Amino acid sequence: MAKKYNSRLIRDDYSYYVEQVAELFGIDEATVRRWMKDGGLERIPNTRPHLIHSSKLRPFIEKLGTARKKPCASHEMFCMRCQSPRTPAHATGAVTILANRSVRLKAACSVCGGAMCRAIRQSEWTKNHPLAVCLSDASEEHKGVEPLHRECSFQMEENHD
Ligand SMILES: [Zn+2]
């Protein structure tokens with residue numbers, strides 16, 4: 001389950017290296033880099049190695065805590081970049097049937113265009129599922145319902161910095 005990060009560990013007016021942030025919360029540096037790449041954590045511009053100022057880090061960490069308390073409604077998926085449940089953008093969506101009888105759904109976020117992912121039980125995946133309804137304007141091969149497609153892919157806007 002989601003880890004809790006204590007924002008009170010963050011010093012005031014301090015610039016952190018990636019490895020210092022990782023150390024602070026006992027996490028991998030890769031996680032911190034993912035926060036910067038996809039999660040919306042801003043670094044201090046033009047720093048190499050990257051520095052993250054506490055004025056950006058603290059609100060990011062606090063938002064992480066609250067975002068994880070918000071569960072996705074049945075028609076939503078969790079957007080890493082928005083740190084919030086979002087509805088999928090129109091005409092996006094891909095469905096992969098996993099070996100463990102679940103279905104992995106991917107779509108683009110309707111707000112930021114970022115990648116969203118959600119897994120649901122295969123038995124729940126019908127054309128009446130709220131997400132299937134949301135994705136109903138995706139092209140036939142991307143809907144993944146009736147007939148279920150084992151795997152399909154779609155073009156999604158790549159807009160990393
Ligand atoms: Zn988003």
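**View 1. The hairpin of S5 and S6 has four residues between its strands.** Arg101 in this hairpin takes a positive phi near 60°. The model is predicted: local features need pLDDT of at least 70 and side-chain atom pairs count only at pLDDT 80 or more, while totals for chains, interfaces and linings use all residues. Residues are numbered from 1 along each chain as its sequence is written. S5 and S6 pair in the antiparallel sense over four bridges, where pairing requires at least two bridges found by DSSP between two strands. Val95 stands opposite Leu105 in S6. Strands (E, at least two residues) and helices (H or I, at least four) are DSSP runs, numbered from the N terminus.

**View 2. S6 and S7 form a hairpin with six residues between the strands.** Here Gly113 takes a positive phi near 80°. The antiparallel pairing of S6 and S7 extends over seven bridges, and within S7 the bridge partner of Leu105 is Arg118. S6 is mostly covered, with five of its seven residues buried. A residue counts as buried if 20 or more other C-beta atoms lie within 10 Å of its own, as exposed if 12 or fewer do, and as partly exposed in between, with C-beta atoms placed from the backbone.

**View 3. Ile120 is found in strand S7, residues 115–121.** Ile120 is classed as partly exposed because 15 other C-beta atoms lie within 10 Å. Leaving out residues up to four places away in sequence, Ile120 touches Ser102, Val103, Leu105 and Trp125; contact here means C-beta atoms, placed from the backbone, within 7 Å. Ile120 and Leu105 are 15 residues apart in sequence, and their C-alpha atoms are 7.9 Å apart in space.

**View 4. The largest nonpolar core comprises 13 residues.** Such a core is a set of buried Ala, Val, Leu, Ile, Met, Phe, Trp, Tyr and Cys residues joined through C-beta atoms within 7 Å. Met77, Leu105, Ala107, Cys109 and Met116 have the most contacts inside this core. Two or more residues each are given by strand S3 (77–79), strand S5 (94–97), strand S6 (102–108) and helix H4 (130–134). The largest share, four residues, comes from S6. Apart from this core lies another, of 10 residues, including Ile52, Leu57, Phe60 and Ile61. In soluble globular proteins, nonpolar side chains tend to be buried together.

**View 5. Met116 is in contact with residues that include Met77 and Phe78.** Neighbours within four places in sequence are left aside.

**View 6. Helix H1 (residues 18–25) packs against helix H2 (residues 29–37).** The angle is about 115° and the axes are 8 Å apart; axes are lines fitted to C-alpha atoms, for helices over the stretch in contact, and angles run from 0 to 180 degrees between N-to-C directions. H1 passes H2 in a right-handed crossing, a term used if the near helix is turned clockwise from the far one by less than a right angle, left-handed being anticlockwise. Val18, Glu19, Val21 and Ala22 in H1 meet Glu29, Val32 and Arg33 in H2. The residues of this contact divide into four nonpolar, no polar and three charged. In this scheme Ala, Val, Leu, Ile, Met, Phe, Trp, Tyr, Cys and Pro are nonpolar, Asp, Glu, Lys and Arg are charged, and the others, Gly among them, are polar.

Definitions and conventions: Two residues are in contact if their C-beta atoms, placed from the backbone, lie within 7 Å.
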